[in-house]
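Hi everyone, thanks for coming. Let me put today's model on the screen, and then we'll walk through the sheet and the helices packed around it.

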Amino acid sequence: MLFVCGHNAGRSQMAAALLAQRAGERVVVTSAGTDPAAEVEPHVAQALLEAGLSVTDAYPKPLTNEVVEAADYVITMGCGDACPVVPGRHYLNWSVADLDGAPIGVVRTILGDIDALITDLLAALPGP
């Protein structure tokens, strides 16, 4: 499962952390950005920690063809047109508000929105 957003410093990091926690070993999760930032947004890291999610390994990574080729599912959040299309992959585009520079309260709300999308995604995935 690959989550992609512009800077890989917010939405895609939150989605990856949520799915990794909730799916456990059932799903291999990664994230990437079309224009990666230098670091994860501080309010994103704070909201993830408050939710009990690990940010130890969270850092922005570049979107490459290899990363897309390794994924069965590619979920974009605001950058779908910049993502390489590889035959045989499932593509979803989630409409999630951009949180660049957003205050912590907004980041928490967006985390909740992404959590609801993760719940729906897990319900739709094939069984173990």
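Let's begin with strand β1 (residues 2-5) and strand β3 (residues 73-76), which run parallel and are joined by three bridges. In that pair, V4 sits opposite T76 of β3. A quick word on provenance: this is a predicted model, where local features need pLDDT of at least 70, side-chain atom pairs count only at pLDDT 80 or more, and totals for chains, interfaces and linings use all residues. Residues are numbered from 1 along each chain as its sequence is written, and side-chain values use heavy atoms, with hydrogens and water left out.

For the labels, helices (H or I, at least four residues) and strands (E, at least two) are DSSP runs, numbered from the N terminus. Two strands pair if DSSP finds at least two bridges between them.

On to the other partner of β1: four bridges join β1 to β2, again running parallel. Here L2 faces T30 in β2. To get from β1 to β2 the chain passes through α1, and this β-α-β crossover is right-handed; that is, with the strands pointing away from the viewer, the path from the first strand over the helix to the second runs clockwise.

So what is the strand order of the open sheet? It has four strands, β2-β1-β3-β4, with parallel pairing. At the edges are β2 (30-33) and β4 (90-93), each pairing on one side only. From one strand to the next, the twist averages 20 degrees.

Now the helices. α1 lies across β1 and β2, at about 160 degrees to β1. Axes here are lines fitted to C-alpha atoms, for helices over the stretch in contact, and angles run from 0 to 180 degrees between N-to-C directions. Contact means heavy atoms within 4.5 Å.

Helix α1 (residues 11-23) also meets helix α4 (residues 104-124): their axes come within 9 Å and cross at roughly 50 degrees. That makes α1 oblique to α4, since angles under 35 degrees count as roughly parallel, over 145 as roughly antiparallel, 65 to 115 as roughly perpendicular and the rest as oblique. Residues of α1 in this contact include M14, L18 and R22, and those of α4 include I110, I114 and D115.

Finally, helix α2 (residues 42-50) and α4: the axes come within 9 Å, crossing at roughly 55 degrees. Therefore α2 is oblique to α4 as well. On the α2 side, H43, V44 and A47 are among the contacting residues, and on the α4 side V107 and L111 are among them.
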